[in-house]
Amino acid sequence: MESVLLAWRPFLDPLDVHNTWWIFLIPMAFGISVVYRAARLRSLDRYWRSVLAMTFQIVMGMVLLGVASYLFVMVYVRIAANMGP
């Protein structure tokens with residue numbers, strides 16, 4: 001009974017990666033790119049090149065979305081709040 005209590009249960013006891021969550025973006029983007037490109041390409045001639053290109057696009061898109069949301073909240077919302085009625 002005690003060994004069951006010491007086991008790691010992924011959905012009940014998730015890993016504590018709150019400070020390093022962004023590291024998992026690259027493997028997740030790579031996995032999505034591998035599956036998507038395998039299903040969508042007619043020929044696998046340039047498969048890995050297109051997978052790496054799509055992975056780069058996903059990661060850069062997420063970085064740019066993060067920067068855009070930061071700028072929106074920290075710049076635009078502050079300006080709009082200070083303008084007031």
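Keep in mind that the model is predicted.

**Helix α2 and its buried side**

Let's start with helix α2, which runs over residues 25-40 and has S33 in it. The helix is 16 residues in length, and the span from its first C-alpha to its last is 22 Å, close to the 22 Å expected at 1.5 Å a residue. Three residues to look for here are L25, A29 and S33, which are buried in α2. If you look down the axis of α2, its buried residues sit within an arc of 60°, so they line one face of the helix. Turn to the face pointing away from that buried side and you'll find the exposed residues V35 and A39. As for what covers the buried residues of α2, helix α3 (47-83) is part of the answer.

**A closer look at S33**

S33 has a relative accessible area of 0%, and since buried means under 20%, S33 counts as buried. Who are its contacts? Leaving out residues up to four places away in sequence, S33 touches V51, M54, T55 and I58.

**The aromatic rings**

Now for the rings. How many aromatic pairs does a search of the whole structure find? It finds three. Two of them are set out here, because a pair of aromatic rings is described by the distance of the centres and the angle of the planes.

| Pair | Distance of centres | Angle of planes | Kind |
|---|---|---|---|
| Y47 and W48 | 4.8 Å | 70° | edge-to-face |
| F72 and Y76 | 5.3 Å | 25° | stacked |

Take Y47 and W48 to begin with. Their planes are at 70°, so the pair is edge-to-face.

F72 is partly exposed, with a relative accessible area of 47%.

Notes: Residues numbered from 1 in each chain as written. Predicted model: local features only at pLDDT ≥ 70, side-chain atom pairs only at ≥ 80, totals over all residues. Heavy atoms only, no water. Helix = DSSP H or I, 4+ residues; strand = E, 2+ residues; numbered from the N terminus. Buried < 20%, exposed > 50% of the residue type's maximum accessible area, 1.4 Å probe, protein only. Contact = heavy atoms within 4.5 Å. Expected span 1.5 Å × (residues − 1). Arc of directions from axis to C-beta. Phe/Tyr/Trp six-rings, centres within 6.5 Å; stacked < 30°, edge-to-face > 60°.
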